[in-house]
Amino acid sequence: MSQTFTLDGEEIPFRDGQTIIQAAHDAGRWIPHLCYHPEFKPHGSCKLCTVTVNGRHMASCTTQAAAGQTVESDTEALNGERRTLLQMLFVEGNHFCPSCEKSGDCKLQATAYELGMMTPHFDHFYPSRPVDASHPEVLLDFNRCILCSLCVRASRDVDGKCVFALSGRGIGTKLVVNAASGRLADTDAAIGDKALEVCPVGVILKKRRGFAVPIGERTYDKAPISETEE
Amino acid sequence: MDAPVKKKLRVATTSLAGCFGCHMSFLDIDEHLFELVELVEFDRSPLTDIKEVGDCDLGLIEGGLCNAENVHVLREFRARCKKLVALGACAVNGGLPAQRNHLKLTEILEEVYHTSPGITQGLIPNDPELPLPLDKVHPLHEVVKIDWFIPGCPPSGEAIWKALTDIAAGRDPQLGFGVLRYD
């Protein structure tokens with residue numbers, strides 16, 4: 001543990017093989033992120049965890065820590081870029097917080113609060129994405145998907161099922177389920193699967209649980225995400 | 001020598017494709033209403049019942065744009081107000097009315113006025129007095145420049161008061177933890 005890099009001027013120790021975000025997390029420093037999750041291999045797609053490493057923009061979830069790096073994260077410029085990424089995520093999907101069961105527990109929303117996003121700024125796409133209510137226990141509302149691939153990784157790497165996948169490329173990318181019918185009910189997804197627990201937004205929802213926790217007692221009502229996250 | 005009398009901000013408010021919930025929340029600033037009347041005077045607003053917007057320092061607009069009249073009123077506000085605030089979720093991102101956006105307008109009108117249960121020989125309203133609905137519901141910033149945004153459904157009285165006092169003091173509104181809300 002003798003090796004260190006600096007994060008916003010603070011010395012951060014790291015072990016060999018650790019990424020910048022892992023070492024920062026172990027040192028109690030929060031770097032905004034959505035597709036990163038400590039239990040899964042990094043995906044490096046949301047770019048929210050972008051920091052500058054010796055002046056160059058790098059995703060901190062996929063960049064290995066190295067001795068002597070000068071890392072900047074909590075700067076006005078980087079937070080401004082993160083806010084822009086969030087705004088693009090908000091307008092690409094249909095994110096209507098007042099009617100979303102995940103509101104108050106949603107990492108996209110909580111991160112946008114943390115970074116002071118007052119408006120989605122861009123023109124809205126208002127895409128048409130039907131929901132999948134076929135499964136008796138689980139609802140899929142694709143309107144809120146941010147393509148973080150956490151459910152894909154959890155199903156493949158933990159559940160060993162490959163229920164979910166990202167299909168298509170670029171702006172046409174979408175979340176699909178592994179069944180010829182395209183319906184979750186025709187997959188082997190089951191309650192207890194890790195994949196059904198990891199969605200950071202309101203796509204994968206357990207039925208008959210909506211709005212069970214009152215406003216004021218939800219995860220990010222009590223403390224901002226920077227002080228809450230695992 | 002007497003201190004110069006501070007000029008009050010002249011404020012207009014309106015609700016477009018909204019539910020007046022943001023206006024109700026505005027009244028929820030409770031005892032700050034006494035401070036507010038020292039700070040602002042109202043032009044066109046549901047609170048004054050003035051019908052035409054005059055020259056104002058600030059326009060507060062609740063609701064998004066779902067019909068031609070909404071667009072007309074918004075453009076009038078933009079022309080007469082030095083600064084415009086999008087107040088609440090619908091003004092900021094279309095909100096609840098925008099959830100019709102993935103449906104065709106003709107299909108919605110058919111279902112509401114022709115095929116839904118209980119309707120017999122329904123007619124789609126077509127009076128020339130009625131503003132035509134827009135194909136899609138839009139937030140305000142897609143049509144005119146908006147200077148500030150206060151999200152929330154509705155924004156709490158605390159959020160509205162904080163934003164107004166920031167604006168009156170010449171600052172961009174800053175809503176901290178627990179006050180900045182999208183729901």
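This passage walks through the predicted model, starting with chain A and moving on to chain B. The structure is a predicted model, in which local features need pLDDT of at least 70 and side-chain atom pairs count only at pLDDT 80 or more, while totals for chains, interfaces and linings use all residues. Residues are numbered from 1 along each chain as its sequence is written, and chains are lettered from A and ligands numbered from 1 in the order in which they are written.

Chain A comes with six helices and nine strands; here helices (H or I, at least four residues) and strands (E, at least two) are DSSP runs, numbered from the N terminus. A compact globule of 230 residues would have a radius of gyration near 17 Å, and chain A, at 18 Å, agrees with that. That radius is taken over C-alpha atoms, and the globule rule is 2.2 Å times the number of residues to the power 0.38. Of the 230 residues, 44% count as buried, where buried is 20 or more other C-beta atoms within 10 Å of the residue's own, exposed is 12 or fewer, and partly exposed is in between, with C-beta atoms placed from the backbone. As for contacts (two residues whose C-beta atoms, placed from the backbone, lie within 7 Å), 64% of those in chain A with a separation of 6 or more are between residues 24 or more positions apart.

Where they touch, domain 1 of chain A puts in 11 residues and domain 2 of chain A puts in 16 residues. On the domain 1 side, these are six nonpolar, three polar and two charged, with Ala, Val, Leu, Ile, Met, Phe, Trp, Tyr, Cys and Pro counted as nonpolar, Asp, Glu, Lys and Arg as charged, and the others, Gly among them, as polar.

Chain A has an open sheet of five strands, in the order 2-1-5-3-4 and with mixed pairing. Strands pair if DSSP finds at least two bridges between them. Strand 2 and strand 4 (56-59) of chain A are at the edges with a single partner strand each, so one side of each has no neighbour in the sheet. Neighbouring strands are turned by 35 degrees against each other on average, direction ignored; the axes behind such angles are lines fitted to C-alpha atoms, for helices over the stretch in contact, and angles run from 0 to 180 degrees between N-to-C directions.

At one end of that order, strand 1 (residues 4-7) and strand 2 (residues 10-13) of chain A run antiparallel and are joined by four bridges. Thr6(A) stands opposite Glu11(A). The two strands make a hairpin with two residues between them, and Asp8(A) in the turn has a positive phi of about 50 degrees. Thr4(A) belongs to strand 1 of chain A and is partly exposed, because 17 other C-beta atoms lie within 10 Å. Leaving out residues up to four places away in sequence, Thr4(A) touches Glu11(A), Ile12(A), Pro13(A) and Ala67(A). Its C-alpha atom is also 6.4 Å from that of Gly68(A), 64 residues apart along the chain. Elsewhere in the sheet, strand 3 (residues 50-53) and strand 4 of chain A run antiparallel over four bridges, with Val51(A) opposite Met58(A).

Leu147(A) has a phi near 60 degrees, a positive value in a residue other than glycine. It lies in the loop between strand 6 (138-140) and helix 4 (150-159) of chain A, and counts as buried because it has 20 C-beta neighbours inside 10 Å.

Turning to chain B, 21 of its residues are in contact with 17 residues of chain A. Chain B has an open sheet of five strands in the order 2-1-3-5-7, with parallel pairing. Its edge strands are strand 2 (40-42) and strand 7 (148-150) of chain B. Strand 5 (residues 81-87) and strand 7 of chain B pair over three bridges, and Ala86(B) stands opposite Phe149(B).
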